[in-house]
Amino acid sequence: MAERNITEHLKLMVDLGEVTALLSESPDLQGFLDRAVAMVADHLGTEVCSIYLYNEETRLLTLKATCGLSPDVVGKIHLKIGEGLVGKSLKELRPICVANASQNPDYKFFPEAGEEAFDAFLAVPILRGIEKIGVLAAQRDQTRLFSNTEVMAMRALTAQLATAIETARALLQFASPAKEAAAPEFGGAGELFVCGSSASPGYACAKSVIFDRHPVERILKQNRGLEAGIGTAEDLECSLARTAAQLEQLQVSLGARLPEVASLIFEAHLMMLKDKTFMGKMLERIADGAPASRAIAEVSETYIKTFEASSHDYIQEKARDVEDLALRLLSNLTADAAAGETEWKGRIVIVRELLPSDILKITLEEVAGIIMVSGGLTSHVSILVRSLDVPMVIANDVNLLQVPDGSQVLLDADTGNVYVHPSEAVLAAFHGRERVRKTLKSAKSQMADRTLLQDGSSVTLLANINLLSELDLARELKAEGVGLYRTEFPFLIRQTLPSEDEQYAVYANLLKRTQGQDVTIRTLDAGGDKVLGYFDDAGEANPALGLRSTRLTLRYREVFDQQLRAILRAGAGVGSLRIMFPMISSLDEFVEARQRVFDCLADLEQELDIPIVKPKVGMMVELPAVLEIIDDFAEEADFFSIGTNDFIQYMLAVDRTNDRVSEYYCPHHPAVLRGLKRIAEAAAQHGIDCAVCGEMAHDTRYVPFFIGIGIRRLSVDPHYLPDVQQCVMALSSERATAYAEQLLSKRLIKETAALLV
Ligand code: PEP
Ligand code: MG
């Protein structure tokens, strides 16, 4: 077959939904793998396509399915990590593409496989996050080498396969439950110590629970707990009423704690409870003779599978709602109505990945702490957890996912350390430290009203706010205003765009509670690692560089205008409102966005027939492109706020959420430091204020540098205010200036690192 052209490969990528369809058609894991290799061979036009699966326990890759090699070798070819081209691909976590496989020194020949004729070889690792699942290998005759486009297509395909294989494995477990009872890899009472990174400070010592987001597994597990099947149609109706009452109650308590999301989280659940088809199908099953528990599980499962098969993230998310609802209905079938409620309460939740809506659900149930086994420190999940004041560690060790529920875990989220089954000595040391920490906390809350340098000049400490619930802490800790209000959370945690009125209610609440203090509202910063499935579902290959942030809002004018109108309406009559645009890359963009503010303001004045105070309009400085034209920006913008999280990411080309490159994410890189100085200088020369609101602003190793380059506004997560105030008050401008000059004179990262204290 002739090599397919690029368009066809793109089609292959678009058609990847086929993998999900294959899964639902396959009876078991083996059936799925057999169909998957045949599908890939067909799409890529290869004579051979094989899947090797990796077993963590034996540390071996085993050939599990093939199309083109002898079927007799399935299950019989084993490779160690690094062995052969297949093993090498998994070891180095990258595709290996060679023209002459049999001539390659890494090639491992299996005469029984019958692969001699197929010398063009491509092996791509199948990975799920950091977890190794296996390798997908394709071979064909040497006259048709694999192109770069084909390598890209295979990479995209393996990402889909990874999820599908996991699902298939789970399904297979249900087909043979005896296997599921086998001892987990980590199951003993021995101590396990994992050193991760702190994402949200704090300490917890509690029993663990794995947050397993696999719907089928959880529902059936729960169903088995209810024995072979219980309940009548009447019981189902009772369960329904109980569930509705519980959800309404949860909504009330959520509304008190998180007003931005009041009514959102359980909205879909309540709608489903009222959905005649959903409940009708269950009643039909009962009329056919099924017990109520089986009717709930079966009907929910059908809905879950349908939602999961969707190519839209926001529809896939609905599967989680059905799962949650089914669990509640099942537990309410029994007399023990509280059974489904206590799953997370007081526990340390171990989780592979979390959606913002998951976080809200589990924190509502008062988890003691969270351990996430993938993701980066500055990802928005971490920021949200910090806002909710839940200790959290990110630890890239898959063994944690094997920790049996109910294990004693000590989470030291100040340092990022996790201890499973900690020894008495470790426990005693931590309990002592926790006592000291608590006393310190109360001492820290003795904040001064104003933050002064030793020479008497003042520094304004502001709060970064993600959720309105953080405003109380910010006030207690004497924040002088809000330096960054991230507006994206109400957008992130719901399944449709919030309306102008819904947004207005949030912003009005914010401005009312800050009582005349400076409040800087940032317009929607979606995209990148903050994807709104319902809004932009393009599945960009490179979202960090894609249609995000101000680019996105300028593209979707109505969304932008709605937000600006909501902000301006909330700020009418408030002299302290500032509006700021994220990720500005050109003056044209800034001027265009600012013009939208002015146009919306003029429209509103006419519509409402009231004068509206013109807010200050500024920008986040986050992109290196801005540096060369910073003076032009300083002439136009009313203020700057430096977003160091993104500034570092883009300056150094390091994905801020990718743990594998975290050592390159280096705030003290000389280019970063000199860039920051350049921004502060331009602001000072043009007489506009310049704040720092990225995470560097709360790091006391960098606070003296900021003061030294003339920054007098720092905006930080409220928790950090005491530390930052203490640090600033110990400084004098002169000493800070000398220190900054010293740092700026260095050429090497290791030299600046050596100066940090
Ligand atoms: C930043 O980039 O530093 C910043 C404050 O914005 P965010 O973390 O929301 O991208
Ligand atoms: Mg940013």
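I take metal donors to be N, O and S atoms within 2.8 Å of the metal (3.2 Å for Na, K and Ca), and since water is not among the atoms, sites may look incomplete.

Ground rules: I am reading a predicted model, where local features need pLDDT of at least 70, side-chain atom pairs count only at pLDDT 80 or more, and totals for chains, interfaces and linings use all residues. Residues are numbered from 1 along each chain as its sequence is written, chains are lettered from A and ligands numbered from 1 in the order in which they are written, and side-chain values use heavy atoms, with hydrogens and water left out.

Metal entry. I looked up the magnesium ion (ligand 2) and found Glu622 (OE) and Asp646 (OD) as its protein donors, 2.0 Å from it. Glutamate 622 sits in the loop between strand 20 (616-621) and helix 22 (630-636), and aspartate 646 in helix 23 (residues 644-651), so the pair ties together parts 24 residues apart in sequence. Helices (H or I, at least four residues) and strands (E, at least two) are DSSP runs, numbered from the N terminus. Buried means under 20% relative accessible area, exposed over 50%, partly exposed in between (1.4 Å probe, protein chains only). Glutamate 622 counts as buried at 2%, and aspartate 646 as buried at 3%.

I traced an open sheet of eight strands, order 7-14-13-9-10-11-12-8, with mixed pairing. Its edge strands are strand 7 (192-195) and strand 8 (197-200). Two strands pair if DSSP finds at least two bridges between them; strand 9 (residues 203-211) and strand 10 (residues 348-351) run parallel over four bridges. Isoleucine 210 faces isoleucine 350 in strand 10.

Helix entry. I found glutamate 234 in helix 8 (residues 233-257), exposed at 64% relative accessibility.
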